Amino acid sequence: MSNTETDPAELLCRDRPGDGVTVLTPREVPLGGPRAIRVRRTLPQRQRSLIGAWCFADHYGPQDVSESGGMDVAPHPHTGLQTASWLFSGEIEHRDSIGTRAMVRPGELNLMTAGHGIAHSEVSTPDTSTLHGVQLWIALPDEHRDTLRDFRHYAPPLLRLDGATARVFLGSLAGTTSPVPAFTPLLGAELTVEPESTVRLDVDPAFEHGVLQDIGSVTVAGTALGNGELAYLAPGPGRLDLANHGGEAARVLLLGGTPFTEELVLWWNFVGRSHDEIAEYREAWQAQADRFGRVEGYQGATAWLPAPTLPRVRIKPRHNPA
């Protein structure tokens with residue numbers, strides 16, 4: 001997806017003393033393109049820019065798009081990151097400058113590696129009446145941020161746990177491991193907790209974790225989450241408890257990874273290390289340079305999304321608190 005904001009503003013953040021949980025509250029922003037949809041953004045923000053290498057999280061829907069026409073994001077660029085697309089309902093056509101044409105479907109991971117530079121488009125299919133999902137970005141470490149473009153698709157099996165089901169799309173959880181390679185230690189999984197149930201997960205104590213609330217209601221280590229909120233847990237615990245005290249199933253995304261210590265400059269759809277790098281990426285995109293390649297087959301009204309104007313002040317790196 002294309003990030004429509006050039007300077008993510010501060011979001012709400014509340015600590016729960018004594019339980020080690022920080023709750024990040026999202027704000028709504030429009031997703032760019034001719035047919036904008038509203039998304040709930042929890043990362044990045046001033047209080048916390050990353051969870052592991054996860055540096056961007058947009059959560060949207062369920063949204064009725066039968067009349068609005070759904071999602072239509074024209075070809076746009078990325079650098080220095082991977083995009084992880086995960087749907088709960090609906091279907092989106094992905095095209096990129098590698099020549100990939102793939103469908104994003106519920107319960108299936110589409111992972112695109114931008115590396116040195118890539119362009120892609122995203123359009124919901126005509127049969128899609130409801131869109132509901134998340135768009136996640138993963139920062140690439142310095143030694144790999146100029147890697148070659150890549151695209152992977154993976155449909156993880158449904159894993160049955162005591163009190164929950166899970167789909168592990170990145171990393172390892174509950175005895176299952178995704179075959180999709182990552183450039184830093186990562187975890188990504190969808191969990192559905194049964195009514196009146198608690199699921200106890202063994203997790204890597206070297207990881208920090210985030211729990212993104214989707215439907216229903218869960219408590220994370222005793223802290224209740226509202227719709228779209230993201231619970232952050234620092235490294236240390238080797239177990240994570242998710243409890244659903246309601247009468248309906250509750251669904252969350254569990255994200256994790258070792259702390260990402262490099263400072264990043266995030267602007268529009270680019271991840272770099274300095275203002276000058278971002279300016280270079282923008283200039284290359286505006287010139288339609290070979291760095292990003294071409295997206296073939298996109299049928300939208302706009303051939304490509306031009307980049308916003310750079311801010312007058314130099315963009316500063318973002319980093320997490322110690």
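What percentage of the 322 residues in the protein is buried? Buried residues make up 57% of them. The model is predicted, and the protein comprises one helix and 27 strands.

**Overall dimensions and contacts**

- The radius of gyration of the protein is 19 Å, which agrees with the value near 20 Å that a compact globule of 322 residues would have.
- The C-alpha trace spans about 55 × 45 × 35 Å along the principal axes of the protein.
- Among contacts in the protein with a separation of 6 or more, 72% are between residues 24 or more positions apart.

**Surface and charge**

- The protein carries 28 positive and 39 negative charges.
- The mean positions of the positive and the negative charges are 3 Å apart.

- Strand 11, formed by residues 118–124, is mostly covered, with seven of its seven residues buried.
- Ile 118, His 120, Glu 122 and Ser 124 point one way from strand 11, and all are buried.
- Ala 119, Ser 121 and Val 123 point the other way from strand 11, and these residues are likewise buried.
- Strand 6, residues 72–78, pairs with strand 11 in the antiparallel sense over five bridges.
- Strand 8, residues 92–96, also runs antiparallel to strand 11 and is joined to it by five bridges.
- Val 123 of strand 11 is the bridge partner of Asp 72 and also the bridge partner of Glu 93.

- Four strands form an open sheet in the order 19-24-21-22, with antiparallel pairing.
- The edge strands of this sheet are strand 19 (197–202) and strand 22 (223–224), each of which pairs on one side only.
- Strand 21, residues 219–220, pairs with strand 22 in the antiparallel sense over two bridges.
- In this pairing, Thr 223 of strand 22 is the bridge partner of Val 220.

Terms used
Residues numbered from 1 in each chain as written. Predicted model: local features only at pLDDT ≥ 70, side-chain atom pairs only at ≥ 80, totals over all residues. Heavy atoms only, no water. Rg over C-alpha atoms; globule rule 2.2 N^0.38 Å. Buried < 20%, exposed > 50% of the residue type's maximum accessible area, 1.4 Å probe, protein only. Contact = heavy atoms within 4.5 Å. Lys, Arg positive; Asp, Glu negative; His and termini not counted. Charge placed at Lys NZ, Arg CZ, Asp CG, Glu CD. Pairing = 2+ DSSP bridges.
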